[in-house]
Amino acid sequence: MSGFSPELIEYLEGKISFEEFEKRREERKSRERKDGGNVLTEENAEDPDGPSTSGQSLIVAPESHSEVEEETSDGVSKSVHRVFASMMGENEEEEDEEEEEDEETLEQPTAGDVFALEMVLNRETKKMMKEKRPRSKLPRALRGLMGEANIRFARGEHEEAILMCMEIIRQAPLAYEPFSTLAMIYEDQGDMEKSLQFELIAAHLNPSDTEEWVRLAEMSLEQDNIKQAIFCYAKALKYDPTNVRYLWERSSLYEQLGEHKLAMDGYRRILNLLTPFDGDRFMHLARDMAKSYYEANDIAAAIEIMEEAFGKHQNLVSVEDVNIAAELYISNKQYDRALAVITDFSGIVLEKKEAEGESSVENKASEKVTCSIPEGVPIDITVKLMVCLVHLNILEPLNHLLTTLVEQNPEDMGDLYLDVAEAFLDVGEYNSALPLLSSLVCSERYNLAVVWLRHAECLKALGYIEQAAESYDKVVDLAPLHLDARISLSTLQQQLGRPEKALEALEPMYDPDTLAQDANAAQQELKLLLHRSTLLHSQGNMYGYVDSLLTMLAMLLKVAMNRAQVCLISSSKSGERHLYLIKVSRDKISDSDDQETTNCDAKAIFMVLTSVLPKDDWWNLLLKAIYALCDLARYKEAELLVDSSLEYYSFYDDRQKRKELEYFGLSAAILDKNFRKAYNYIRIMVMEHVSKPQLWNIFNQITMHSQDVRHHRFCLRLMLKNPENHALCVLNGHNAFVSGSFKHALGQYVQAFRNNPEEPLYSLCIGLTFIHMASQKYVLKRHALIVQGFSFLHRYLQLRGSCQESLYNLGRGLHQLGLVHLAIHYYQKALELPPLVLEGIEADQTDLRRDIAFNLSLIYQSSGNFRMARKLLYTHGAV
């Protein structure tokens with residue numbers, strides 16, 4: 001098959017469809033025409049008697065009569081016979097003998113015979129041209145071989161026939177006859193799929209045979225290949241565009257594929273092709289098209305079709321057509337046009353009568369409308385008339401029409417009852433709608449959720465709150481997933497003073513598994529939880545309020561919570577079952593495959609959730625949850641919620657929100673006394689804002705409570721980057737002082753003192769450092785250290801002033817050195833002074849009298865004066 005085109009080989013191997021085969025073939029031909037490489041092919045195609053198009057022709061153009069290769073009696077060149085003889089294993093010697101015998105028997109034709117033969121051929125040619133038959137592209141040299149292949153097929157010699165056809169295709173790929181024969185051979189063998197493939201190629205090479213395309217379409221449908229059948233019908237319509245049957249079949253197939261627009265376009269072409277004498281067919285097709293457009297929610301197109309039908313064939317309009325047209329106009333809220341259709345084609349008459357005894361000025365206002373309905377008009381038309389009159393505010397004829405309607409059994413005509421009732425509800429005539437709806441809810445067949453919902457809305461509009469709540473309750477029983485009914489029921493129960501029933505109406509509708517997979521369910525549940533959280537907060541139910549907030553946030557932060565190893569569980573810690581956030585280990589998180597599926601579902605759910613609430617509203621919801629958890633002293637859960645939120649990219653990518661979350665996490669960790677975690681937060685904050693004293697105060701509080709020394713190296717490294725920072729300088733001094741490195745601490749304190757010598761704290765720290773150095777066992781120049789220490793303590797006393805704090809610190813230094821007589825003096829002076837008053841700090845927190853009394857009692861106890869020690873403790877140390 002090396003002589004075949006690539007697209008033909010792929011099609012025969014089943015790799016591409018027939019449509020793709022034709023597309024590639026056309027592209028190849030266009031490229032060849034553009035490049036000029038198909039000159040020889042085009043010349044051969046135009047001359048059917050010329051050499052083959054394979055590029056290796058078996059027949060050479062003769063230069064003289066003597067060089068012409070002789071043909072056999074069947075019109076096939078001997079070279080072709082030799083090729084097939086070699087393919088089929090026949091003896092060449094036998095063939096040579098047969099050729100010699102044929103040469104002996106042949107007689108040379110006379111000139112008259114040749115002239116007669118030419119005349120016959122000319123007549124046949126003219127006859128074929130008149131019949132407009134497609135000209136065969138099979139060269140004359142191969143026609144005998146084609147006939148031989150057909151004979152072999154008729155004899156049942158399929159393999160030999162197939163080989164012959166393949167050779168013909170190799171030499172004349174544009175001829176359709178071998179493909180058609182191959183199709184018949186494979187059909188005879190029962191290989192319908194391959195038969196259809198070759199038949200399609202044959203039809204493609206002979207495209208004007210519309211009946212063949214239709215037959216191929218039917219064969220394609222037998223193999224359930226609807227797209228290929230549509231393609232075949234399209235080819236048939238190309239050569240017979242006015243064939244209604246082909247258009248109808250193709251449009252029907254488009255409908256099966258769901259291609260509604262293409263199907264309707266085909267039906268429109270049929271309508272344009274129908275003659276005025278095909279009125280019945282026109283009306284039937286227009287009716288079906290209007291129904292299809294209506295089902296596809298294309299009301300405008302359906303109305304256009306019906307208007308065209310009514311305009312062309314008014315005398316053929318039936319009651320069904322009137323019903324359909326009126327329904328379409330009502331659906332499109334064109335009630336005046338619907339009324340016009342009903343009165344024009346159904347025999348119903350609307351008349352305006354003037355009241356007697358009225359002046360001409362009042363005639364218009366006193367007009368009354370009467371309605372006369374002939375017998376035989378279906379009740380459906382009457383109901384549509386009533387709907388139009390209600391919406392057009394023509395209420396006079398309705399009493400009689402309503403009487404006619406209520407005489408019908410609601411079990412049989414419940415849908416008509418509902419249509420009229422909904423019309424009354426639309427215009428605000430609730431009193432007129434209520435009896436109809438009450439009849440429906442009392443029936444067995446129409447005791448449905450939608451009817452109860454309309455009944456409840458009507459009662460609510462009339463102010464019957466109790467009865468409306470009962471109707472809404474019935475709706476929730478019949479349709480538990482109806483969100484609007486649940487919200488309305490909850491609102492009414494709250495108005496009636498039933499908070500528990502109001503909460504019961506807003507119970508969750510879906511289980512967690514459904515929420516994780518169904519985006520629409522998540523959307524409905526979110527709306528319900530929003531109303532539930534608002535209701536719980538208004539009732540002061542904080543635990544329930546937090547449950548609702550956590551449920552909503554868990555829907556949004558599901559993937560982020562997995563990354564943060566946080567899980568939402570239900571537990572009964574406080575006696576009632578509520579939701580709590582807990583930390584879980586990594587092995588309890590779902591596997592990677594499940595995680596990928598969860599991420600895909602979460603993306604779809606995220607799109608739905610953000611459509612219900614924008615990102616800023618989700619942020620406010622998160623803040624409410626954090627505040628509520630802190631109000632309930634559930635600081636650990638507030639930490640976990642902040643951790644999950646920081647794993648949520650939409651919040652983390654927003655720098656302002658990320659910083660705010662970090663501050664929330666810091667506060668929650670401090671309140672939870674989780675100082676190790678608080679240190680992780682404050683460490684990053686002080687690195688970014690080294691010059692903020694508030695952060696250093698928080699840092700100092702955290703390091704004091706954490707009992708951890710890992711911050712020492714951090715402060716030293718940060719000091720190298722910020723050597724002029726006073727807070728770091730003092731803090732490094734404190735760290736060295738606590739660690740016992742007094743010389744290093746002294747260096748840091750002196751550096752701070754030089755930068756700000758008027759600060760009392762630096763003088764106090766230097767003085768205490770000298771005293772601690774002097775208190776060591778092995779020290780040189782102890783006296784000098786003591787003198788320097790007290791000199792700085794006295795400087796501290798001068799800068800700070802004589803107050804309880806400064807006198808207590810001086811006394812404590814003397815007490816440490818064992819100079820108790822001097823320490824007693826300063827302790828007593830400090831005990832006489834009142835505590836410092838500082839803004840924002842309670843006086844009890846700055847009062848040092850208990851500490852002073854305790855130190856004095858220790859001095860008196862060591863001297864044996866227990867009574868004085870006891871007196872001081874009773875006087876100042878009692879709590």
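Where is the place of E504? E504 sits in helix α26, where helices, meaning DSSP runs of H or I with at least four residues, are numbered from the N terminus.

## Basis of the model

The structure is a predicted model, in which local features need pLDDT of at least 70 and side-chain atom pairs count only at pLDDT 80 or more, while totals for chains, interfaces and linings use all residues. Residues are numbered from 1 along each chain as its sequence is written, and side-chain values use heavy atoms, with hydrogens and water left out.

## A negative surface patch

E504 belongs to a negative surface patch that also includes E470, D473, D477 and E500. Such a patch is made of residues with over 30% relative accessible area and no salt bridge, like charges being joined within 9 Å; Asp and Glu count as negative, and the place of a charge is taken as CG of Asp or CD of Glu. Accessible areas come from the Shrake-Rupley method with a 1.4 Å probe, and for residues only the protein chains shown count as cover.

Helices α24 (465-478) and α26 (499-505) each supply at least two residues of the negative patch, and the largest share, three residues, comes from α24. E504 counts as exposed because its relative accessibility is 54%, given that exposed means over 50% relative accessible area, buried under 20%, and partly exposed in between.

## Helix α9 and the residue after it

Helix α9 (residues 177-189) has 13 residues and reaches 19 Å from its first C-alpha to its last, which is close to the 18 Å expected at 1.5 Å a residue; the expected span is 1.5 Å times one less than the number of residues. The buried residues of α9 are E177, P178, F179, T181, L182, A183, I185 and Y186. After α9 comes G190, whose phi is positive, near 90 degrees.

## Salt bridges

How many salt bridges does the structure hold? There are 26 salt bridges in the structure, each being a side-chain nitrogen of Lys or Arg within 4 Å of a carboxyl oxygen of Asp or Glu. One of them pairs E148 with R152, with the closest N and O atoms 3.0 Å apart. Both residues lie in helix α7 (residues 140-155), four residues apart, about one turn of the helix, and E148 and R152 are both buried. An α-helix has 3.6 residues a turn, so residues three or four places apart point the same way.

Another salt bridge joins R287 to D321, whose closest N and O atoms are 2.6 Å apart. R287 lies in helix α15 (residues 279-295) and D321 in helix α17 (residues 319-331), so this pair ties together parts that are 34 residues apart in sequence. R287 is buried, as is D321. E307 forms a salt bridge with R337, and here the closest N and O atoms are 2.6 Å apart. This pair links distant parts of the chain, with E307 in helix α16 (residues 299-312) and R337 in helix α18 (residues 335-345), 30 residues apart. E307 counts as partly exposed because its relative accessibility is 32%, and R337 counts as partly exposed because its relative accessibility is 39%.

## Pairs of C-alpha atoms

G733 lies in helix α39 (residues 726-739), and it counts as buried because its relative accessibility is 0%. The C-alpha atoms of G733 and G747 are separated by 7.6 Å, although the two residues are 14 residues apart along the chain.

D415 lies in helix α21 (residues 410-427) and, at 39% relative accessibility, counts as partly exposed. Between the C-alpha atoms of D415 and Y446, which are 31 residues apart along the chain, the separation is 8.2 Å.

## Positive phi in two loops

Most residues other than glycine have a negative phi. A633, although not a glycine, has a positive phi of about 60 degrees; A633 is placed in the loop between α32 (615-631) and α33 (635-646), and is partly exposed, with a relative accessible area of 48%.

K673 is likewise not a glycine and has a positive phi of about 60 degrees. K673 is found in the loop between α35 (655-671) and α36 (675-688), and at 64% relative accessibility K673 counts as exposed.

How values were computed. Patches are made of residues with over 30% relative accessible area and no salt bridge: like charges are joined within 9 Å, nonpolar side chains (Val, Leu, Ile, Met, Phe, Trp, Tyr) within 5 Å. Buried means under 20% relative accessible area, exposed over 50%, partly exposed in between (1.4 Å probe, protein chains only).
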